Amino acid sequence: MVDISPSKVLLGLRTFKVVKCPRCGFIQITTASRNVRCFGCGFSWSLEPDLILFSSPDSEKARSFLLRLKRGEDAKFRRASEAD
Ligand SMILES: [Zn+2]
């Protein structure tokens, strides 16, 4: 018999977090709980609540949030460049 206490199960659950790099603003999904390495600029930074845009144990939810966010940013960039 393997004894798995509820707290161990919770600790084993991965949380998928959509995070934003404080240096370059690159947005990515991470399962890290303390330090994140940015895929955009290579900077390693520690997770802070302010930099976590979304978190869920469901990777699909995190992924769709990220996609919506990136689509929204693209639209904003386009508007900004058209107005310029
Ligand atoms: Zn970065």
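Two residues are in contact here if their C-beta atoms, placed from the backbone, lie within 7 Å. With that in hand, take G40: leaving out residues up to four places away in sequence, G40 touches C21, C24 and F26. Before going further, note that this is a predicted model, where local features need pLDDT of at least 70, side-chain atom pairs count only at pLDDT 80 or more, and totals for chains, interfaces and linings use all residues. Residues are numbered from 1 along each chain as its sequence is written.

Let's start with the overall layout. The chain has two helices and five strands, where helices (H or I, at least four residues) and strands (E, at least two) are DSSP runs, numbered from the N terminus. If you look at contacts between residues at least 6 apart in sequence, 44% of them join residues at least 24 apart.

Now the sheet. Three of the strands make an open sheet in the order β2-β1-β5, with antiparallel pairing; two strands count as paired if DSSP finds at least two bridges between them. At the edges sit β2 (27–30) and β5, each of which pairs on one side only. Neighbouring strands in this sheet are turned by 15° against each other on average, direction ignored. For that angle, axes are lines fitted to C-alpha atoms (for helices, over the stretch in contact), and angles run from 0 to 180 degrees between N-to-C directions. As a general point, strands of a sheet pair through backbone hydrogen bonds, either parallel or antiparallel.

Strand β1 (residues 16–20) has partners on both sides. With β5 it pairs in the antiparallel sense over four bridges: K17 stands opposite S55, and V18 has F54 as its bridge partner. With β2 the pairing is antiparallel too, again over four bridges. There, V19 is partnered with Q28 and K20 with I27. β1 and β2 form a hairpin with six residues between them, and G25 in the turn has a positive phi of about 85°.

What about the inside? Buried residues make up 10% of the 84 residues in the chain. A residue is called buried if 20 or more other C-beta atoms lie within 10 Å of its own, exposed if 12 or fewer, and partly exposed in between, with C-beta atoms placed from the backbone. The largest nonpolar core has six residues: V18, V19, C21, V36, C38 and A62. Such a core is a set of buried Ala, Val, Leu, Ile, Met, Phe, Trp, Tyr and Cys residues joined through C-beta atoms within 7 Å. C38, one of these core residues, touches C21, R23, C24, F26 and F43, not counting residues up to four places away in sequence.

Back to G40, which lies in the loop between β3 (35–37) and β4 (44–46). G40 counts as exposed because it has 12 C-beta neighbours inside 10 Å. Its C-alpha atom is separated by 5.8 Å from that of F26, 14 residues apart along the chain.

Finally, look at S56, found in strand β5 (residues 52–56). Is S56 buried, exposed or partly exposed? It counts as partly exposed, because it has 15 C-beta neighbours inside 10 Å. Leaving aside neighbours within four places in sequence, S56 is in contact with T15, F16, K61 and A62. S56 and F16 are 40 residues apart along the chain, with their C-alpha atoms separated by 5.3 Å.
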